[in-house]
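Please keep the structure open while reading these notes. They take up strand pairing and then a pocket.

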Amino acid sequence: MKTVFFSLLLVLCVTGGTLTAQETEGTPEPRKARGRVAYFVSTSIPKGVENPVSVLLGQKILRLTLSNRMASEPVKIPADGIVRLVREVENPENPGKPKYQTLAQALVPDGMSKALIILIPVKKTKAGLLFRTKIKDLATFKGGDYLYMNLSPLNVAVELGSTKIGLKPGQDQIYDAPVLSKSTNVPVRYSYYHPTQKIWKMISASTVVLRATRREICIFSWDPRYKRIDYRGVTFPVSE
């Protein structure tokens with residue numbers, strides 16, 4: 001009788017372990033990625049793009065939420081360095097096997113341990129891409145820094161304290177902040193060059209706070225409804 005009892009107990013333990021393993025495989029991977037990692041920032045999220053998005057890392061699919069105001073949680077960079085945003089599509093040849101359309105692809109260079117992948121929407125290409133990507137090495141983008149990106153068709157000028165930054169269409173540049181022992185208020189002014197009046201016009205002027213605990217991204221874009229330059233910020237906390 002004891003033999004039967006212990007045999008039954010062994011079967012239950014093995015079965016329970018199998019179910020737990022299956023459930024673990026179906027849950028999202030913990031976001032505390034180890035080793036080489038990448039973060040995502042989207043300059044905007046086009047209509048029709050599912051969010052959370054699916055990220056293909058080697059043979060693994062992770063679900064990741066994109067925000068217009070914050071950088072994403074980190075994902076582990078696979079051995080080949082290729083990170084893809086994908087969408088599951090029908091596979092008529094083998095309905096039981098998922099097939100994926102690539103929406104964005106980035107190759108993180110060897111030697112880059114922490115990367116920022118910037119997603120910039122484009123008109124859908126023949127290959128189905130909906131974003132082009134830019135990669136920034138976080139070793140050069142530290143706490144207190146500002147990354148300025150000009151996605152508008154006009155020249156933009158940034159005055160941050162005594163620093164002046166000029167941005168042609170499509171350009172980006174990092175403001176390298178000094179070592180910060182405390183939060184620091186700095187005056188800022190944004191301007192654009194009017195193509196017909198041939199003069200610089202102010203977009204806005206205010207004060208920003210530089211903090212060693214976070215990086216900031218300022219994105220200049222074109223508003224087609226009002227035919228003017230718009231801008232917005234993205235915060236990227238320093239967690240490492």
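1. In this predicted model, strand β2, residues 53–57, pairs with strand β5, residues 82–89. The two strands are antiparallel, and three bridges join them. One place to look is Val 55, which stands opposite Leu 85 in β5. As background, strands of a sheet pair through backbone hydrogen bonds, and the pairing is either parallel or antiparallel.

2. Which strands form the open sheet, and in what order? Four strands make it up, in the order β3-β2-β5-β6, with antiparallel pairing. At the edges are β3 (60–64) and β6 (99–107), each of which pairs on one side only. Neighbouring strands of this sheet are turned against each other by 35 degrees on average, with direction ignored.

3. Now the largest pocket. Empty space of this kind is found by rolling a probe the size of a water molecule over the atoms. The largest pocket holds about 300 Å³ of space. Its lining consists of 14 residues, and Thr 43, Ser 44, Ser 221, Trp 222 and Arg 232 lie nearest the centre.

4. Which elements give two or more residues to the lining of the largest pocket? They are β7 (114–121), β15 (214–223) and β16 (228–237). Strand β15 gives the most, with four residues.

5. What classes of residue line the largest pocket? Seven of the lining residues are nonpolar, three are polar and four are charged. When checking this in the viewer, start from the residues nearest the centre of the pocket, including Trp 222 and Arg 232.

Definitions and conventions: Residues are numbered from 1 along each chain as its sequence is written. This is a predicted model: local features need pLDDT of at least 70, side-chain atom pairs count only at pLDDT 80 or more; totals for chains, interfaces and linings use all residues. Side-chain values use heavy atoms; hydrogens and water are left out. On a 1 Å grid over the protein atoms alone, a cavity is a set of points where a 1.4 Å probe fits but cannot get out, and a pocket is an open set with protein on both sides within 12 Å along at least five of seven lines; lining residues have an atom within 4 Å of a point. Grid points are joined across faces, edges and corners, and a volume is the space filled by probe spheres set on the points. Ala, Val, Leu, Ile, Met, Phe, Trp, Tyr, Cys and Pro count as nonpolar, Asp, Glu, Lys and Arg as charged, and the others, Gly among them, as polar. Two strands pair if DSSP finds at least two bridges between them. Axes are lines fitted to C-alpha atoms, for helices over the stretch in contact, and angles run from 0 to 180 degrees between N-to-C directions.
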